[in-house]
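Please keep the structure open beside you while you read.

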Amino acid sequence: MNANLPELIVIIPLIGAFLITLAATVHGKLCFPLAAAILTGALVSAVGLLGRVLAEGVVEYHLAGWRPPWGIGYRVDPLNGLVLVVVAAVALINLLGTRPLVEKDFGDRLGPFYTLYVLFVTGLMGIVVTGDAFNLYVLLEIAAITGYALIGMGNPQRAPLAGLNYIFMGTIGASLYLLGVGYIYLVTGTLNMMDIAARLPALAGSRLVMTAFIFCIAGLCLKMGFFPLHAWLPNAYSHAPAAVSSLIAPLMTKVMVYVMIRIMLTVFDPGFTFGTMGVSRGMVWLAVAAILGGSILALGTRHLKRMLTYIIVAEVGYMVGGFWLGNRAGISGAALHIVNDAAMTLCVFLAAGTFFYKIGGESIDDLQGLFRKMPVSMAAFAVGGLSIIGVPPTCGFFSKWYLISGGLAAGQYAFVGALLFSSLVNLALFFRIFEIAFFEPFQEHHGAHGAPAGTARQEAPLQMLVPLVLTALGLVALGLYSGDMVSRLIEHAIPAGIV
Amino acid sequence: MYDIVSVKPLVAVLISLLAVPAIVASRSPNLREAWTFLAAALKFAVVASMLPAVWRGAEIGCTVARVLPGVEIAFRVDAFGLMFALVASFLWIVTSAYSIGYMRGLNEHGQTRYFSFFAVSLSATVGVAFSANLFTLYLFYEMLSLATYPLVTHHQDQEARSSGRKYLLYTVGSSIGLVLPAMLVIYLLTGTLDFASRGILAGTTGSRTLVGVLLFMFVFGFAKAAVMPLHSWLPAAMVAPTPVSALLHAVAVVKVGVFSIVRTITGIFGTDVLSSLSLGEPVLYTAAVTILAGSFVALSQDNLKRMLAFSTIAQLSYIILGAALLTPKGVTGGMAHIAMHAFGKITLFFCAGAIFVATGKKNISEMAGIGRRMPVTMTAFFLGALSIIGMPPCGGFLSKWYLVQGSLQAGQMPILVVLLFSSLLNAAYFMPIVYRAFFCPPEQAAFAERLGEAPLFCVAPLVITALISVGLLFYPQPFFRLAMMAAQKVIGM
C-alpha cells in the first residue's frame with residue numbers, strides 16, 4: 001500500500017470520479033459523501049507520501065512497472081510533496097465548505113458537478129506528481145477541460161463566454177508548452193524529466209533547446225495568468241459558480257507556478273535557466289509590471305471576486321518575480337508563497353462564497369453591516385485580508401519577507417518597491433471593504449443597548465462556517481510554521497548551486 | 001540566552017487576549033466588566049511579579065516559535081520594557097473603571113466590542129514592551145494598529161470613518177512602507193534582529209548615509225510616535241471615546257511608538273555607533289522641531305482633546321530627544337518621561353472626558369467657571385498640567401530635570417533652550433484654562449448651579465492618577481530606577 005502511494009494519489013480520485021457518476025444514477029445525495037471520501041483518501045495519501053519523502057528522501061515510482069524512459073515515472077521530492085498536500089487539502093476543505101452553495105445552484109446536476117470537481121483535482125495532482133514532460137501536458141488538459149466545464153456552469157449570461165475565452169487562451173498556452181516539449185523530444189529523444197535533464201547539458205548552446213525553453217515559459221506564463229497574459233483570468237474566475245472559483249482560484253495558478261519552478265530547475269539546469277538564457281532580469285521586470293498592474297486593476301473594480309482575482313494576478317507576479325531573482329531567498333519565497341497564497345486565496349474566496357450564499361450580492365457595496373450580521377464569516381475574511389496585506393503572524397507576511405530579502409540581496413529594488421506598494425494597495429483594498437461592512441448603514445451611535453431591528457445576526461450555516469474558520473486559523477498556523485516549512489521541505493528542493 | 005527562562009512574559013501578553021472570549025460571551029454588562037477587571041488585575045500582577053528579578057538586574061525571557069532563520073517570536077523582559085509594561089498594565093485597571101463611568105454615562109453602543117478590542121490592544125502593548133527582537137516588536141506593533149482601529153472609529157459615523165482611514169494610512173502605511181524594508185536591510189546586514197544592549201550594527205560595514213537613512217526610516221516609520229510631519233493622525237484619532245484617547249493616545253499606542261524608536265536606537269543601532277557617526281543630532285533637531293511646533297499648535301486649539309493631542313505630540317518628542325542626546329542623563333530622562341508623562345496626560349484626558357460626561361462641553365471657551373462646579377476634576381486637571389509643564393510638585397519635573405542635565409552633558413545649548421521654552425509654552429496653554437475655571441467672574445461663568453461632578457467611576461480614576469502624578473516626585477520608584485538601569489545598560493554611566 002505504502003509503496004504505491006504515488007500512484008494512489010492519482011488513481012483514487014480518477015476512479016472515484018467515475019464512481020460518482022455511477023452513484024448519481026442511483027441517487028444524487030450519494031455524490032457529496034462519495035466525493036468527500038475520495039478527497040479524504042487523496043489527502044491521506046498525500047500526507048503519507050510527504051511523510052515518506054521526509055523519511056526516505058526523493059520517491060521515484062514507475063507506473064505499471066515500466067522503467068523510464070519507456071514508462072511514465074512519478075517523482076516526489078519535498079517540494080511537490082508539499083504542493084500535493086496543499087492541493088488535496090484545499091480541494092477537500094472547499095468541498096466541505098461549499099456544500100450548501102452547490103446544492104442550491106446544482107441540486108439537479110450533483111453528479112456531473114462532483115465528477116468534474118474530482119477529475120479537476122485528479123488533473124492537478126497528476127501535474128504535480130508526474131516526472132514525465134508529455135504526461136504533464138495530458139494532465140494539464142484534464143485539469144483544463146474539467147476547469148472549463150466547471151466555470152461554464154456559472155452565471156448563464158456570462159460564464160459560458162468567460163469559459164470559452166478561457167478555453168482558447170488555455171489551449172494556446174498548453175499548445176505552446178507542447179511545442180516546447182516537442183522540440184526537447186527532437187533533440188534529446190526522451191520525455192522523462194530526469195532523462196532530459198541528464199542529456200541537456202551536452203546540448204548547451206543549441207538554438208533548438210533555447211527555443212524549446214522559450215515556448216515552455218510562454219505557455220506556462222499564459223496558463224498561470226502572468227501579466228500581461230492574464231486577460232482570461234478575471235472573467236473566468238468572477239463569473240464561475242462560487243464553489244468553483246474557490247476551488248480553481250487557489251489552485252490553478254499556484255500549480256502552474258510550481259510547474260514553472262519544476263521545469264526551470266530540474267529539467268533545465270539552473271545555470272542554463274538563470275545564466276545562459278539571460279531572461280531573468282526581464283522576467284523580474286515583467287513581475288514588477290504584474291504586481292503593479294494587478295494591484296491597480298484591483299483598485300478599479302467593486303466586484304468582490306473580480307477584485308480578489310486581480311489580487312491573484314499580482315500574487316502571481318510575486319511568485320514569478322521571486323523565482324527569477326535566482327537566489328535562495330527568492331526561490332524559497334516563491335515556493336512558500338505557493339502554499340501561503342493557496343491558503344489565503346481559499347480563505348477569502350470561501351468567505352466571498354459565504355457572503356454570496358447569504359446576501360446574494362457580489363459587489364463590495366453589498367457587504368454593508370456584515371460585521372454585525374455575519375461576524376464570524378467577516379472575521380475569517382478579515383484574517384484572510386490581513387494575510388494578503390502581509391501582517392504577521394499570518395502566513396502572507398513570511399513569504400513576503402523571503403521575497404523582499406531575495407529582492408534586496410539580488411539588488412532588484414524595483415521588485416522590492418513593487419511588493420511594498422502592493423502591500424499598501426492591499427491594505428486600501430481590504431479596508432475599503434471593512435469600512436463598508438463596519439460603517440454602513442449609518443446607525444445612531446447613542447442608541448439603545450443591543451442591535452437595532454433588521455441588523456440581527458444572520459450567520460451562514462455551520463457546515464460552511466467551520467471550514468472557513470479553520471482555513472482562517474490555518475493562515476496563522478502556517479505563519480508560525482513557515483520557518484519549519486522552509487528549512488525542512490523547501491530548502492531541500494532547491495538545487496545546491498543556488499545561494 | 002536568558003538569565004531566567006520563564007513563560008511569565010508570554011502569560012502577561014496573553015492574559016488580556018484570553019479574556020476576549022469571556023468578554024464576548026458574557027450575558028450581562030456587569031459580568032463583562034468583571035472579566036475586564038479580572039484580566040487587568042491578573043495582567044498587572046504578572047507584570048509586577050517580574051519586578052524583583054529585574055530589579056536585581058536579571059532579564060526574564062522565553063522563545064515561542066522560530067519563524068525565520070535567526071529570527072524568533074521571543075520575549076525578553078529588561079528594565080526598560082518592564083517600566084513601560086508596568087505603566088501600561090497599571091493604567092489599564094484605572095482606565096477600565098473610567099471606561100465604565102464614561103461609556104455607561106453616555107449610554108454608548110457596542111460596548112462589548114469596545115471592551116474586547118481594548119483588551120487586545122493591551123496584549124499588543126505589553127507584547128511590544130517585552131519583545132526580544134525587532135521582528136516580535138513589529139508583530140505586536142501591527143497588531144496594536146489594527147486592534148485600535150475599531151476603537152478609534154467607535155462612533156461609526158462619517159467623521160470616525162475618515163479619521164480611521166487617516167489613522168491606518170499613517171500608522172500601518174508607514175510601518176509597511178518604512179519599518180519593514182529597514183528591518184529587512186538590518187537583517188541582511190547582520191543576520192539577526194535581536195536587541196542587544198549596545199546595538200547590533202557595531203562592526204558592520206554601513207556607511208553613514210546608509211545608517212542615517214535606516215535610522216530615519218525607523219524614526220518616521222514608527223508613526224505612532226507622531227514625529228512631525230507624520231503626526232496628524234493623532235488629533236484625528238481624538239474622535240474616539242475619551243477613555244481610548246486617554247489610555248491609548250496618551251499612553252499605550254503613542255508610547256509604543258516612542259518605545260519602539262528608543263528601543264531601535266539603543267538596541268539595534270547602539271548609542272556608540274550613533275555617536276561615532278554623529279547621527280544623534282539630526283534626530284535631536286527633528287524632535288526639537290516637533291516639540292516647538294506641537295506646542296505652538298496646541299496654543300491655538302479650542303477643542304480640549306485636540307489641544308491635549310498636540311501637547312502629546314510635543315511631549316512624545318521629549319522622549320525621542322532624550323534618547324537622541326546619547327548621554328546617560330538624557331537617555332534616563334527620556335525613558336523616565338514615558339512614565340511621568342503617562343500619569344500626567346492620562347489625568348488630563350480623564351478630566352476632559354469627565355467634563356464631557358457631566359456637561360457635554362468639548363471646547364475650552366465654554367469651560368469658564370467650571371472649577372466651581374467640578375472642583376475635584378479641575379484640581380486634578382491642574383496637577384496633571386503641572387506635571388506636563390514639568391513643575392514641582394509633580395513627577396514631570398524629574399524627567400525634565402534629567403533631560404536638561406542630559407542636554408548640558410551633551411553640550412547642546414540650543415536643545416536646552418528648546419526644553420525651557422517649551423515648558424513656557426506648556427504653561428501658556430494650560431494655565432489659562434485652570435485660571436478661567438476657578439477665577440472667572442461669576443457673571444461670565446457658563447454653568448448653572450445644579451451641575452456637579454461626573455459619576456464616581458469617572459472621578460475616582462482621575463483623582464488616583466493625579467495623586468500618583470504628585471507622588472512620583474517624592475517617590476519616583478520603581479519607574480525611575482528602572483529607567484536608570486536601562487540607561488546604564490545601553491550607554492553606561
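1. Let me start with the sheet in chain B. Three strands form an open sheet in the order β1-β2-β3 (chain B), with mixed pairing (two strands pair if DSSP finds at least two bridges between them; helices, H or I with at least four residues, and strands, E with at least two, are DSSP runs numbered from the N terminus). β1 (4-5) and β3 (71-77) of chain B are the edge strands, each with a single partner, so one side of each has no neighbour in the sheet. β1(B) runs parallel to β2 (residues 60-68) of chain B, and two bridges join them. B:Ile4 stands opposite B:Ile60 in β2(B).

2. A word on conventions and confidence. This is a predicted model, in which local features need pLDDT of at least 70 and side-chain atom pairs count only at pLDDT 80 or more, while totals for chains, interfaces and linings use all residues. Residues are numbered from 1 along each chain as its sequence is written, and chains are lettered from A and ligands numbered from 1 in the order in which they are written. The mean pLDDT (the predictor's confidence in each residue, from 0 to 100) of chain B is 86, and 98% of its residues reach 70 or more. For the complex, the predictor gives a pTM of 0.90 and an ipTM of 0.86.

3. Now chain A as a whole. Its secondary structure comes to 21 helices and two strands. The radius of gyration of chain A, taken over C-alpha atoms, is 22 Å, close to the 23 Å that the globule rule (2.2 Å times the number of residues to the power 0.38) gives for 499 residues, so chain A is as compact as a globular protein of that length. Its C-alpha trace spans about 80 × 60 × 45 Å along the principal axes. Of the 499 residues, 61% count as buried (20 or more other C-beta atoms within 10 Å of a residue's own; 12 or fewer is exposed, in between is partly exposed, and C-beta atoms are placed from the backbone).

4. The strands of chain A deserve a look. β1 (residues 59-62) and β2 of chain A pair in the antiparallel sense over four bridges, and A:Glu60 has A:Arg75 as its bridge partner in β2(A). Which residues cover the two faces of β2 (residues 73-76) of chain A? A:Gly73 and A:Arg75 lie on one side, A:Tyr74 and A:Val76 on the other, and all are buried.

5. Beyond residues up to four places away in sequence, A:Leu367 touches A:Phe355, A:Ile433, A:Ile436 and A:Ala437 (contact means C-beta atoms, placed from the backbone, within 7 Å).

6. Finally, the interface. Here 26 residues of chain A are in contact with 27 residues of chain B. On the chain A side, α18 (395-410), α19 (413-439) and α21 (482-493) each give two or more residues, and α19(A) gives the largest share, nine residues.

Definitions and conventions. Contact = placed C-beta atoms within 7 Å.
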